[in-house]
Amino acid sequence: MIKRVSMLLVIATLLTSFMFAPGETSADDGPRPWTKPVEKETSEAIKGGTHKKQEIKFGDGGVYWIHQLTAQQNQQPYVVKIPVRGDQATFRYRAIAENKQPYWAIVPLRDLHTLPLASGFIETEGKSIWLGAPIVYAPMGNGTINEKKDMALPVTVRKSAGGYVLEASLPIRAGHVSEMWALESPEPLVVWGQEKLDSIWLSLDVTDNAKWLYDGYYYKSPSTYVPYTDTSYWRIPENYVLHSFMYTGGSKAAREMGYVMLKASLKQQDQLGYWKSLPRSEWLREDYGITEGFYDTRFNTGAAGLMLQGCIQYQEAEFCESTQRYALFFQQHAVGNHYVIEGDRPGWLVADYALVGKPSDTHVSLNHQLAEINFLYRSYLQFGNPTDKDLADIMLGGVVNLGSKWIVQNGDLHYAYYPNGSFGRVDYPYLTYNDLLETQQLYSQLHGMEDATLAKLIESKLAWMKQNNVAYVSTK
């Protein structure tokens, strides 16, 4: 993976260090049954451009909406009005301290003329709104946008007879797109006061380094990507905020926004079953001749794993079908792009990257290989397709046939295996350790015993972590 972006995989594990029930909870009667939401999308020509709106209504009275204004000519802003009843309404938002650490700032609406340009929660009696920050950007192509911070207008707070009216003015400027989203509920979206849950939400970023937009989850572009600017973001297949929603849950916001995000991911899945990385990676082009629109196995397997979790949690047929389409695609990729590793059992190592339709001869990262094995085992447990388990077993054979060759002299593990049979690069502090633990657990569940080689790799990695004071954080 691209070094700057792939470190997110390490950061993402912090978001799932505490386990909560995956669904919405009610203090009175426990989890509420999930019913399929009603979705509506409209598009209309307006003066100066096009206005699109998506709305998803949930069975408990909650609603998600997002507005998108695409401009061809300069016009007056499009105004979205949001009524808020009650004099005691507050705005809770993720602020950044001088030491660069996030903290919760809570401000009464009566003290504000405009909201800070940040995502946050409007909370009052009988109403809770998770409000995204308004954003203006210029499309750059290849799934990349260039944010124009100086063009975004803050949300105005106006006093009304019954409370307040929030007015979001979305600029209509030629060649630019303006967006804003919200999740509204008659009940609290997050029940604050649980220290671990508060901390997890504080870690979730959809304003600064990440953006939630009409067509999905974007992250700050690596400098090795094309196109690139200091303020560009690219649509990344694996959504780390969604990862937290799927595996930590604990709130209405997580349950309902998790569904919204999965639906957006579903629309980005290619007909072949995978999610393209649309920008060009300069180092992939230079090292392997892979250009834009490439296939990244870790990002894709992460996206498919979230879809699998959504299949289980929401019992949504589209999510289940999406998971199976990806499993079939990955099987085809593995058959066409692997290295045979001789040993006591059949063994393959599967190439990390590809330009679909062309043979791939890239390296194999241990963490990629393990994540793919784990997905296939979990897919087998859910759907019972023996091909998933058989391929996972062969891929695990590729890992264990190399055995101690993965271990560096200092006890750490090599990051990757290369086509010429060599090893290289420094491994992540604990990401691969978490992957190994999950592989061992799934293997034991399916085969009735642990794998001795995996145990040896786990032991060596853990000893290195302890020696280097690496804090262990579980992913699931």
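How many residue pairs are in polar contact between domain 1 and domain 2? The count is three, with both residues at pLDDT 80 or more; a polar contact is a pair of N or O atoms within 3.5 Å, where within protein one must be able to donate a hydrogen and the other to accept it, and residues adjacent in sequence count only if both atoms are side-chain atoms. The model is predicted, so local features need pLDDT of at least 70 and side-chain atom pairs count only at pLDDT 80 or more, while totals for chains, interfaces and linings use all residues. Residues are numbered from 1 along each chain as its sequence is written, and side-chain values use heavy atoms, with hydrogens and water left out.

The protein chain is divided into domain 1 (35-249) and domain 2 (269-475), with bounds that come from an automatic or database domain assignment. Their C-alpha centres lie 34 Å apart. In contact across the boundary are 18 residues of domain 1 and 25 residues of domain 2, contact meaning heavy atoms within 4.5 Å. About 1,800 Å² is buried between domain 1 and domain 2, and carbon and sulfur atoms give 63% of that area; buried area is the accessible area (1.4 Å probe) that two parts lose on being put together, summed over both. Of the area that domain 1 buries against domain 2, Val226, Pro237 and Met246 supply 34%, more than any other three residues.

One salt bridge is counted between domain 1 and domain 2, a salt bridge being a side-chain nitrogen of Lys or Arg within 4 Å of a carboxyl oxygen of Asp or Glu. The side chains of Lys36 and Glu316 meet in a salt bridge at 2.8 Å, N to O. On the side of domain 1 that touches domain 2, the elements giving two or more residues are β16 (225-226), β17 (232-235) and α3 (240-247). Helix α3 gives the most to this side, with five residues. Helices (H or I, at least four residues) and strands (E, at least two) are DSSP runs, numbered from the N terminus.

Turning to salt bridges in general, the whole structure holds 25 of them. Lys263 pairs with Glu318, their closest N and O atoms being 2.6 Å apart. This pair links distant parts of the chain, with Lys263 in helix α4 (residues 252-268) and Glu318 in helix α7 (residues 317-336), 55 residues apart. Lys263 is buried at 8% relative accessible area, whereas Glu318 is partly exposed at 32%; buried means under 20% relative accessible area, exposed over 50%, and partly exposed in between (1.4 Å probe, protein chains only).

A salt bridge also joins Lys461 to Asp412, with closest N and O atoms 2.6 Å apart. Here Lys461 lies in helix α11 (residues 452-467) and Asp412 in the loop between α9 (386-402) and β24 (414-417), 49 residues apart. Lys461 is buried, at 0% relative accessibility, and Asp412 is buried at 5%. Elsewhere, Arg280, Glu282, Arg285 and Glu286 are linked in a network of salt bridges. Within this group, the closest N and O atoms of Arg285 and Glu286 are 4.0 Å apart; Arg285 is partly exposed at 34% relative accessibility, while Glu286 is exposed at 56%.

Finally, the structure holds one disulfide, defined as a pair of cysteine sulfur atoms within 2.5 Å. This disulfide joins Cys311 to Cys320, with 2.1 Å from S to S. The torsion about the S-S bond of Cys311 and Cys320 is about 90 degrees, so the disulfide is right-handed. Both Cys311 and Cys320 are buried.
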